[in-house]
2 protein chains.
Amino acid sequence: MRKDTSCSHLVQRPHRLPEAPTFALANFFFMSWTDSSVVVVGTVAFDSIKTPFGERARIVGGAGTYIGWSASRLGVGTGLVSVIGEDFQQSELDLMSQAGMALEGIDRPVGGKSFFWAGSYHMDMNGRDTLETELNVLADFNPEIPAAWRGAKYLMLGNIDPNLQASVLDQMTERPELVVLDTMNFWMDIAMEPLKAVIARVDVLTINDEEARQLSGERSLIKAARAILAMGPRYLVIKKGEHGALLFHEEGGKLQYFFCPALPLEDVVDPTGAGDTFAGGFIAHVARTGSTDFETLKQGIVVGSALASFTCEAFGTEGIRAVTREALDARIAEFRRMMDWNGAGVEA
Amino acid sequence: MRKDTSCSHLVQRPHRLPEAPTFALANFFFMSWTDSSVVVVGTVAFDSIKTPFGERARIVGGAGTYIGWSASRLGVGTGLVSVIGEDFQQSELDLMSQAGMALEGIDRPVGGKSFFWAGSYHMDMNGRDTLETELNVLADFNPEIPAAWRGAKYLMLGNIDPNLQASVLDQMTERPELVVLDTMNFWMDIAMEPLKAVIARVDVLTINDEEARQLSGERSLIKAARAILAMGPRYLVIKKGEHGALLFHEEGGKLQYFFCPALPLEDVVDPTGAGDTFAGGFIAHVARTGSTDFETLKQGIVVGSALASFTCEAFGTEGIRAVTREALDARIAEFRRMMDWNGAGVEA
């Protein structure tokens, strides 16, 4: 669809395809844009993925897609701001819309081709090689937030050029209650100053441990966290993949932190999108509770980690799409058990 | 001292050196071999260590040393079974004895030189290179348990030849209540069958994640844990260094697991001995509580992790030696905070 910033597009259209897997989505049907929806800026794209468990060609991927699907599992609607090509299937857009993603912020330029990434995971799953990247429509991506979304309370800035992330912030008519920014070493290498400028304007920064070290120049994660929080954000999330996630926060001059492990899985089939799934669950948990305090953000880390575990268990978005409330609750209970210990009497 | 298996050596001798740092050890003075002491088989040796924070030449190290110091911080006595050279300082032995380590199981052959290891850590501390290894007296190490220790309830088998670990088990007159075995990939490469034979006879196996994969042939830690628990041990501890530790246990056919993160530190000055410190604290916690159930072992993982964090903060055994009860309690409280979240209302 063509981008249009008039309000008429904000009404949820009834994409009821008879072939849609409605059974799994029963709880989440037909949410439309609401006051607690999350604006998500991120890619909607195609991936070709090879892992020791098999391969898939040109399946639906992209950070925005994973974030949107993840939020939908918590019953939280999103407004996706992205760009796709004419090759992107309408049937996929219909499923996304049914799951609660508003798509009026997705541009589809005439004759354009969708962003495409092909990658291959190493046998041990601890690394991956990029085999191919076609920017296509992403090369000219200039995110424009539909007018009706510019007062959104929750904003997720996916991993794109920090100048574009800043331009999105500039478009908001009110400062959102929580802005989460994801980025990566690539932008630190080529655009450190614009990146630092936008980091100073957000509430939560999500990066991995090596990126935290690069951004801060500190080897110790404690020192890195202090330095990064001094750059502006109230919270820092350090994503460590199979080793879990750390949430840092400073209160009264004292550094607070919370650690959430990753769930050990029977099989990690395809970790693509796990970080985005995590981020989507994290911000959606904040949106559904309406609180941005440390305790709520800790919960968000656990909920996001639980959702990410489903993404790892299947190729592409298959895992996260199929998550029911019951499956998610059972998995959160597994996190609770895994982290639970009785400290009574342990100290002297 | 020469090894002697008569009981006369089991009386704690009063090594009261005026220059000893008695202030820090006030709580732990002059424990002698008791019913709850832990027999520890492991090296007592010299290390030369280089890290980005500096270097130290020929400082006291060895798995047995770290395990003994760590247990002493919990007020738990140990009986060390090891071998040293004539070059090993009496003043060090005196300090160890004062801290609660019974040394009658340490052989000191005439003219022998102590085991020596030299290593250098990479800038990022995630790897290290061995620069030099001199086996010296360790080449002919044949651990002999003093007669009075052969009914010990708690036995820690440090990382040595699995055939020697088995011979120690053979010397015990009663099956201990808990036997913990540490090993490494080296023995999997050259002595897999003897290793599997001794693993089948112990209660707890401690290895790292790559070793768990090598031992089981499974990439997934969940599958690896199931396979290893099927080999005999009741518990499996997977040590992941800066990424924490996992405790696995099977109950009623269902795999249970507990995850304890590593404490993020201001500075990791020297991680040498952290794994041994962890193991020492773990088994000493079991010994001081007298219980070997899953809940107690979870606590042991936290206590061991807390003690290991002190070892990382200074060179060699400096960090663990200086730990007071107050410092340890404060650190355990930090683990509690780091792992604490309020799950109320998180599930649907």
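Two strands pair if DSSP finds at least two bridges between them. Strands (E, at least two residues) and helices (H or I, at least four) are DSSP runs, numbered from the N terminus. The model is predicted: local features need pLDDT of at least 70, side-chain atom pairs count only at pLDDT 80 or more, and totals for chains, interfaces and linings use all residues. Residues are numbered from 1 along each chain as its sequence is written, and chains are lettered from A and ligands numbered from 1 in the order in which they are written.

**View 1. Strands S12 and S13 of chain B are antiparallel.** Seven bridges join S12(B), residues 245–251, to S13(B). Leu246(B) has Phe259(B) in S13(B) as its bridge partner. In a regular strand the side chains alternate between the two faces of the sheet.

**View 2. Nine strands of chain B form an open sheet.** The order is S5-S4-S1-S8-S9-S10-S11-S12-S13, with mixed pairing. Strand S5 (101–107) and strand S13 (254–260) of chain B are the edge strands, each pairing on one side only. From one strand to the next the twist averages 20 degrees (axes are lines fitted to C-alpha atoms, for helices over the stretch in contact, and angles run from 0 to 180 degrees between N-to-C directions).

**View 3. S4(B), helix H2 and S5(B) make a right-handed β-α-β unit.** Helix H2 of chain B covers residues 90–98. A crossover is right-handed if, with the strands pointing away from the viewer, the path from the first strand over the helix to the second runs clockwise. S4(B), residues 78–83, and S5(B) run parallel and are joined by five bridges. Thr78(B) has Met101(B) in S5(B) as its bridge partner. Six of the seven residues of S5(B) are buried, so this strand is largely enclosed by the rest of the structure. A residue is buried if 20 or more other C-beta atoms, placed from the backbone, lie within 10 Å of its own, exposed if 12 or fewer, and partly exposed in between.
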